[in-house]
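Me: I have a structure open and would like to go through it with you. Could we begin with how the strands pair and then move to other topics?

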Amino acid sequence: MRTEQFLWITLFALAFTALCLAFSWYVSGRDRHRLRVVSRFNFNPGRRWGSQAFLRVTVQNNSRTPMTISKVRVVFAGKVCGERFFDGHRGAPLRVGAGEEVSTIVEKNDRSMPLPEATDFSRSKVFVTDVLGKVYGATYINESNYY
């Protein structure tokens with residue numbers, strides 16, 4: 001074989017490698033884990049005054065692969081007030097399918113996450129952690145008419 005043929009084969013291999021690298025980079029970016037976390041503050045008028053405020057934390061999996069949610073954390077005044085598994089009844093991580101949405105309710109008198117009485121849900125921040133350790137901050141929505 002001549003050196004010109006080796007040159008063409010080398011250039012073809014280099015172009016094919018660059019094309020494969022670009023395609024794998026595109027696919028890996030497309031299948032990233034994406035969670036949308038929303039915390040809603042509201043009151044339950046059916047309960048007595050001290051325990052009627054609650055937070056509803058909703059997680060939606062916007063990626064194409066199933067994800068596992070580990071913990072939900074409530075932060076007030078820069079300090080972690082409480083942390084528990086997202087599914088407080090089972091006490092275990094929760095698997096969320098692609099495009100699926102799950103919710104949990106956080107209350108002050110919750111046995112799985114006892115919160116201090118001084119915790120103000122209307123000013124609290126909520127974070128959700130997945131099994132890989134990535135922390136997602138929640139978008140806050142105030143649904144109550146008490147400001």
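This is a predicted model: local features need pLDDT of at least 70, side-chain atom pairs count only at pLDDT 80 or more; totals for chains, interfaces and linings use all residues.

Me: Which residue of S7 does Lys71 stand opposite?
Reply: Lys71 stands opposite Thr129 in S7.

Me: In what sense do S3 and S4 pair, and over how many bridges?
Reply: S3 pairs with strand S4 (residues 79-85) in the antiparallel sense, over six bridges. Within S4, Gly82 is the bridge partner of Val74.

Me: How many residues lie between the strands in the hairpin of S3 and S4?
Reply: The hairpin has two residues between its strands, and Ala77 takes a positive phi near 55 degrees there.

Me: And S5, how does that pair with S3?
Reply: Strand S3 (residues 67-76) and strand S5 (residues 94-96) are antiparallel, with three bridges between them. Ile69 stands opposite Leu94 in S5.

Me: What does Val131 touch, not counting residues up to four places away in sequence?
Reply: With those residues not counted, Val131 touches Thr68, Ser70 and Pro93.

Me: Changing topic: what is the strand order in the open sheet of four strands?
Reply: The order is S6-S2-S1-S9, and the pairing is mixed. S6 and strand S9 (139-142) are the edge strands, each pairing on one side only. From one strand to the next, the twist averages 20 degrees.

Me: How many bridges are there between S2 and S6?
Reply: Seven bridges link strand S2 (residues 53-61) to S6 in the antiparallel sense. Phe54 has Glu107 in S6 as its bridge partner.

Me: Where is Tyr140, and is Tyr140 buried, exposed or partly exposed?
Reply: Tyr140 is placed in strand S9. Tyr140 counts as partly exposed because its relative accessibility is 32%, which falls between the cut-offs of 20% for buried and 50% for exposed.

Me: What does Tyr140 touch, leaving out residues up to four places away in sequence?
Reply: With those left out, Tyr140 touches Ser39, Phe41, Phe121, Ser122 and Ser124.

Me: Last topic: what is the volume of the largest pocket, and which element gives the most to its lining?
Reply: The largest pocket has a volume of about 230 Å³. Strand S6 (residues 101-107) gives the most to the lining, with four residues.

Me: Which residues line the largest pocket, and how do they divide by class?
Reply: The lining consists of Arg84, Phe86, Asp87, Gly88, His89, Leu94, Ser103, Thr104, Ile105, Glu107, Asp110 and Ser112. By class, there are three nonpolar, five polar and four charged residues in the lining.

Technical notes
Residues are numbered from 1 along each chain as its sequence is written. Side-chain values use heavy atoms; hydrogens and water are left out. On a 1 Å grid over the protein atoms alone, a cavity is a set of points where a 1.4 Å probe fits but cannot get out, and a pocket is an open set with protein on both sides within 12 Å along at least five of seven lines; lining residues have an atom within 4 Å of a point. Grid points are joined across faces, edges and corners, and a volume is the space filled by probe spheres set on the points. Ala, Val, Leu, Ile, Met, Phe, Trp, Tyr, Cys and Pro count as nonpolar, Asp, Glu, Lys and Arg as charged, and the others, Gly among them, as polar. Two strands pair if DSSP finds at least two bridges between them. Axes are lines fitted to C-alpha atoms, for helices over the stretch in contact, and angles run from 0 to 180 degrees between N-to-C directions. Buried means under 20% relative accessible area, exposed over 50%, partly exposed in between (1.4 Å probe, protein chains only). Contact means heavy atoms within 4.5 Å.
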